[in-house]
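Here is a short report for a first look at this structure. Read it with the model open beside you.

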Amino acid sequence: MAADQQDPASATHSDGDLGFLLMETARVFRQSIERAVIDNPFGLTPSAIRALGCVIRFQGDGLNVIAKRMDIEPMSLHNQIDRLEQCGLVERRDCSSDRRKKPIFPTQKAIEVMAGLDPAFDQLYRTMTRDVPRESMEQLTAILVKMRANLTADPGITAPFTLLPKEPAAT
C-alpha cells in the first residue's frame with residue numbers, strides 16, 4: 001500500500017470522527033428542520049410536527065412503540081398525540097385482539113398538513129445538499145441505509161417509507 005494511503009481497518013482515529021459527525025449532523029439537521037417549520041400555517045410546534053411525522057411513518061403502532069423509536073418518554077409523546085388528536089390529525093383505534101392497545105393512525109388531514117409543509121422540507125434539502133453531486137447523495141443514502149440496517153433488525157425502522165403516501169390515509 002502506498003505511503004499516502006491508509007488501510008481503512010487501521011484508520012481507527014476516523015471511526016470516532018464518523019460517529020461524531022453523524023450525531024452532530026443529525027442534531028444540526030433537526031435544529032434546521034425546527035427553524036424551517038416554526039412559522040407554519042397550521043399552528044403546530046416543531047415537536048408536534050415530528051410526532052405527526054412519526055405517526056405517519058409508524059402508523060398502526062402503539063404509543064409506547066412510537067415513543068421508543070423517537071427516543072422519547074411515552075408520556076411526552078402521549079401529550080403530543082392528545083393535541084394532534086384534538087386537531088383531527090391522528091386517531092387512536094381499538095385493537096380487536098387487545099383492548100388495552102390503541103394503534104395510532106394519521107388522518108387524511110395529517111397527510112394534507114405534511115403536504116403543506118413539504119415546500120419547507122424541500123428547501124431545507126436543497127440547502128443541505130447544495131454543491132453535492134446527485135450521485136454522491138445517492139451513494140450516501142445507500143451507505144446510510146446499509147449502516148442503519150447493520151445496527152437494527154427492527155423492520156419498522158428499516159422499511160422504506162415516505163411521509164407523503166401515494167394512497168390517502170383512512171379516516
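## A local charge pair

This is a predicted model. Glu91 forms a salt bridge with Arg93, and their closest N and O atoms are 2.8 Å apart. Glu91 is partly exposed, at 21% relative accessibility. Arg93 is partly exposed too, at 26%. Arg93 also lies over the face of Phe105, 3.8 Å from the ring centre.

## Other salt bridges

The count comes to seven salt bridges. One of them joins Asp154 to Arg69, with the closest N and O atoms 2.7 Å apart. Asp154 sits in the loop between helix 6 (134-151) and helix 7 (155-158), and Arg69 in helix 3, so the pair ties together parts 85 residues apart in sequence. Asp154 is partly exposed at 23%, and Arg69 is partly exposed at 24%.

Arg92 pairs with Glu85, the closest N and O atoms being 2.5 Å apart. Arg92 has a relative accessible area of 26%. For Glu85 the value is 31%.

## The nonpolar core

The largest nonpolar core holds 25 residues. Leu44, Leu52, Ile66, Leu77, Ile81 and Leu84 touch the most other members. Helix 2 (46-57), helix 3 (63-70), helix 4 (74-86) and helix 5 (108-128) each supply at least two residues. Helix 2 gives the largest share, seven residues.

Take Leu52. Beyond its neighbours within four places in sequence, Leu52 contacts Leu44, Leu84, Leu89, Val90, Ala110, Val113 and Met114.

## Cysteines and rings

The structure holds zero disulfides. Cys54 is buried, at 15% relative accessible area, while Cys87 is partly exposed, at 37%. A search of the whole structure finds zero aromatic pairs.

Terms used. Residues are numbered from 1 along each chain as its sequence is written. This is a predicted model: local features need pLDDT of at least 70, side-chain atom pairs count only at pLDDT 80 or more; totals for chains, interfaces and linings use all residues. Side-chain values use heavy atoms; hydrogens and water are left out. Rings of Phe, Tyr and Trp (its six-membered ring) pair if their centres lie within 6.5 Å; planes under 30 degrees apart count as stacked, over 60 as edge-to-face and the rest as tilted. A charge sits over a ring if NZ of Lys or CZ of Arg is within 6 Å of the ring centre and within 35 degrees of the ring normal. A disulfide is a pair of cysteine sulfur atoms within 2.5 Å. Buried means under 20% relative accessible area, exposed over 50%, partly exposed in between (1.4 Å probe, protein chains only). A nonpolar core is a set of buried Ala, Val, Leu, Ile, Met, Phe, Trp, Tyr and Cys residues joined through side-chain atoms within 4.5 Å. Helices (H or I, at least four residues) and strands (E, at least two) are DSSP runs, numbered from the N terminus. Contact means heavy atoms within 4.5 Å. A salt bridge is a side-chain nitrogen of Lys or Arg within 4 Å of a carboxyl oxygen of Asp or Glu.
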